[in-house]
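User: Could you walk me through this protein, starting from the inside?
Analyst: Happy to! Here is what we will look at together.

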Amino acid sequence: MMFTPAELLEINKLLTPEHKIVILTHYNPDGDAIGSSLGLKHYLKAKGIHAEVIVPNDFPKFLKWMPEAKKVLIADYKRKVASDLIYDADVIFCLDFNAPSRIGILGDWLTNSRAKKILIDHHQQPEKFDFVYSDTVIPATCQMVYHFIEAMNDENLVNNDIAECLYTGIMTDTGGFRFRSTSATTHRIIANLIEHGADPAMITSNTWDTNTVSRLHLLALILGRIEVVKDGKVAVLYLTREELKEYGFQKGDTEGFVNYGLSILGVKMAAFFMEDLYEDFIKISFRSKDDMDVNQFSRKYFNGGGHINAAGGKSYESLQGTIETFKVKIEGEESL
């Protein structure tokens, strides 16, 4: 839940121009991760406070239109700079992840930093931080950042930059406001962000109308071989490393592919399996409808987790071995 009034007072005392502030988010940053990090950065900037945003690895080009996105420090490219900033920080905001293990090479640096650590996150089972705002019901960390700004009585500071970033994260993490976690409160916040300068048409175009020919070729490939199992309730999609190379895969090209499986009539769960381009593991994306808890399923069988209806996982079997294991496990799943 939201920070207590006493915690908000303590946090407010930490947010001064004299303190070194860093904002971290998870490995393979998505729209909510980048949107919440930049939204918070612009909020602090409006308060006269500088903050550095650091991500473990690069993020998709379709998110780099956001204000100051190109100033985000990518630790994969500048490890020494990133580690020094984290070790020297007085305050570290941890956004859209629940444990240091979720932030790649930044995890050990975060754990060993002397900074006060402030978590704002909507994933289940958060680990220990100095200040924790955790709510698994809220559909996006960007919405939580907005609630934090409200709790700090700083709604008057919300400007165009903040609005654009937070709108983007909420839009992407709710699947365009169609996931069931999207609430009336979410829509009221979206309305407020529009009133503060967020342009829905521009944001949607910049974020989603960015297909490349290679992305469409990959999409056509997987759509042509979608398999439906468990009496038509589960869709399976996959891509091999060779296929990614053949079509010139770039980071972000497969964003949202798993949702095509979930769009099939009668399907309650979709699973998308993709060989990593450089390392020997299989990246898995799960999506579901209704009460099918892919978070627990992923945690139990595929070294992952996330939300009830959206989760990720990882397998060190071969691609076909992973898919066969999945089929066996899903056939025994009683919630479908």
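**Inside the protein**

User: How many residues does the largest nonpolar core have?
Analyst: Keep in mind that this is a predicted model. Phe3, Leu15, Leu40, Leu44, Phe93, Phe148 and Leu193 have the most contacts inside the largest nonpolar core.

User: What does Leu193 touch, not counting residues up to four places away in sequence?
Analyst: Leaving out residues up to four places away in sequence, its partners are Tyr146, Val158, Ala163, Leu166, Tyr167, Ile170 and Ala198.

User: How many residues are in the second core?
Analyst: This core is separate, and it includes Met269, Ala271, Phe286 and Leu336. Its count is 19 residues.

User: What share of the protein is buried?
Analyst: Here a residue counts as buried when its relative accessible area is under 20%. Of the 336 residues in the protein, the buried ones make up 54%.

User: What is the radius of gyration of the protein, and what would a compact globule have?
Analyst: The C-alpha trace spans about 55 × 40 × 40 Å along its principal axes. With 336 residues, a compact globule would have a radius of gyration near 20 Å. The protein agrees with that, because its own value is 20 Å.

How values were computed
Residues are numbered from 1 along each chain as its sequence is written. This is a predicted model: local features need pLDDT of at least 70, side-chain atom pairs count only at pLDDT 80 or more; totals for chains, interfaces and linings use all residues. Side-chain values use heavy atoms; hydrogens and water are left out. A nonpolar core is a set of buried Ala, Val, Leu, Ile, Met, Phe, Trp, Tyr and Cys residues joined through side-chain atoms within 4.5 Å. Buried means under 20% relative accessible area, exposed over 50%, partly exposed in between (1.4 Å probe, protein chains only). Contact means heavy atoms within 4.5 Å. The radius of gyration is taken over C-alpha atoms; the globule rule is 2.2 Å times the number of residues to the power 0.38.
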